[in-house]
Amino acid sequence: MKHYFFEGRTYDELPDPLKTATGTISPVSEALFVSLGGEIADDGAPTQKERVCAAFSGLIDELAKKTDAVTPEEFLSAAGNGISSDLIAFARSRGVPEEVIAEGRARIVEIMADALRFGMTWAELVNGATGV
């Protein structure tokens, strides 16, 4: 997990906007943060958001192993629009068994509930699982 240090304050996420002694700056990249005198330390532990994305990615891989109908990449591409009924229709059109759809749906709801606790959107979850 990264920790950001700036003007005597510590942040667990890149502060954006960044309040400085001379004003507020946004958008803030890590490079800009450092150029303004900030320091970044990484303890190597995943953030809560990274753990949620890893759980989602793992689920997609696990479900793909249960059927040859959809690859993880195809699922994530289809999931990009965020409409669950479209995603289910896509899975059915590819011949994914109903029990796999039901399992995936239940677990995705659990993972999305965790993601929402950390302020994540569906798009952030899908992008996090794809490494974007």
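Reply: One point to begin with: E103 and R107 stand four residues apart in helix α5, so about one helical turn separates them. The model is a predicted one.

Me: What makes E103 and R107 a salt bridge?

Reply: The distance from N to O between their side chains is 3.5 Å. The cut-off for a side-chain nitrogen of Lys or Arg and a carboxyl oxygen of Asp or Glu is within 4 Å, so the pair counts as a salt bridge.

Me: Why can residues four places apart point the same way?

Reply: An α-helix has 3.6 residues a turn, so residues three or four places apart point the same way.

Me: Are E103 and R107 buried, exposed or partly exposed?

Reply: E103 has a relative accessibility of 24%, and R107 has 28%. Buried means under 20% and exposed over 50%, with partly exposed in between. E103 is therefore partly exposed, and R107 is therefore partly exposed too.

Me: Which salt bridge links E103 to K66, and where do the two residues lie?

Reply: The side chains of K66 and E103 meet at 2.7 Å, N to O, which is within 4 Å and therefore a salt bridge. This pair links distant parts of the chain: K66 is in the loop between α2 and α3, E103 is in helix α5, and 37 residues separate them. K66 has 42% relative accessibility and counts as partly exposed.

Me: Which residues are linked in a network of salt bridges?

Reply: The network links E62, K66, E103 and R107. The structure holds nine salt bridges. One of them joins R9 to E7, with the closest N and O atoms 3.3 Å apart.

Me: How do you know how the length of α5 compares with the expected span?

Reply: Helix α5 covers residues 98-117, which is 20 residues. From first C-alpha to last, α5 reaches 29 Å, close to the 28 Å expected at 1.5 Å a residue.

Me: What makes the buried residues of α5 line one face of the helix?

Reply: The buried residues are V100, I101, G104, I108, I111, M112 and A115. Seen down the axis of α5, the buried residues fall within an arc of 105°, so they line one face of the helix. On the other side of α5, E99, V109, E110 and R117 are exposed.

Me: What covers the buried residues of α5?

Reply: The cover includes α2 (48-65), α3 (72-79), α4 (84-93) and α6 (122-130).

Technical notes:
Residues numbered from 1 in each chain as written. Predicted model: local features only at pLDDT ≥ 70, side-chain atom pairs only at ≥ 80, totals over all residues. Heavy atoms only, no water. Expected span 1.5 Å × (residues − 1). Buried < 20%, exposed > 50% of the residue type's maximum accessible area, 1.4 Å probe, protein only. Arc of directions from axis to C-beta. Contact = heavy atoms within 4.5 Å.
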